[in-house]
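Subject: Structure handover

Hello,

Here is the model for you to look over. My notes follow below it.

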Amino acid sequence: MTPSRPYLIRAIYEWIVDNGFTPYLLVDAEGEGLQAPLEYAENGKLVLNVSPKAVKGLELGNDAVQFSARFGSETMQVYVPVMMVLAIYARENGQGMLFSEHDNDDGTSGSPGTGGGKPSLRVVK
């Protein structure tokens with residue numbers, strides 16, 4: 001099965017924008033393949049504003065999130081592999097989705113070496 005993360009990123013992004021909020025991505029700044037302004041990273045994490053007003057050419061693909069944005073006075077092409085996106089949330093209220101750092105490429109979730117286990121749902125009040 002294909003990973004669900006890119007589909008969830010697209011859906012949450014659209015929901016945040018449709019409600020007039022600012023979508024932010026929380027990214028693992030220590031993974032391979034990331035092309036982003038790492039000088040803004042803190043504790044191995046990078047927060048990126050991906051609102052339509054902040055970026056140009058946003059592509060929320062199945063393999064990567066790509067866009068062009070200004071950081072300081074420089075324009076930079078940003079490339080974030082989807083599996084390095086740790087969360088997408090609205091800046092104004094923090095609502096969104098946090099992804100497990102242990103999500104597997106096949107769409108299952110679980111601790112490394114456990115085979116993923118059975119998926120389970122939990123009611124959060």
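The chain has one helix and seven strands. Helices (H or I, at least four residues) and strands (E, at least two) are DSSP runs, numbered from the N terminus. Along the sequence the pattern reads α-β-β-β-β-β-β-β.

First, the ground rules. This is a predicted model, where local features need pLDDT of at least 70 and side-chain atom pairs count only at pLDDT 80 or more, while totals for chains, interfaces and linings use all residues. Residues are numbered from 1 along each chain as its sequence is written, and side-chain values use heavy atoms, with hydrogens and water left out.

The chain as a whole:
- Of its 125 residues, 34% count as buried. Buried means under 20% relative accessible area, exposed over 50%, partly exposed in between (1.4 Å probe, protein chains only).
- Among contacts with a separation of 6 or more, 52% come from residues 24 or more positions apart. Contact means heavy atoms within 4.5 Å.

Next, the open sheet. It has three strands in the order β3-β4-β5, with antiparallel pairing. Two strands pair if DSSP finds at least two bridges between them. The edges belong to β3 (55-60) and β5 (74-81). Each has a single partner strand, so one side of each is left without a neighbour in the sheet. From one strand to the next, the twist averages 15°. Axes for such angles are lines fitted to C-alpha atoms, for helices over the stretch in contact; angles run from 0 to 180 degrees between N-to-C directions. Four bridges link β3 to β4 (residues 64-71) in the antiparallel sense. Leu60 has Val65 of β4 as its bridge partner.

Now β6 (residues 85-90). Is this strand enclosed by the rest of the structure, or open? Largely enclosed, because five of its six residues are buried. β6 pairs with β1 (residues 23-28) in the antiparallel sense, over five bridges. There, Ala87 in β6 stands opposite Leu26. β6 also runs antiparallel to β7 (residues 96-98), joined by three bridges. Tyr89 has Gly96 of β7 as its bridge partner. β6 and β7 form a hairpin with five residues between them. In that turn, Gly94 has a positive phi of about 75°.

Best regards
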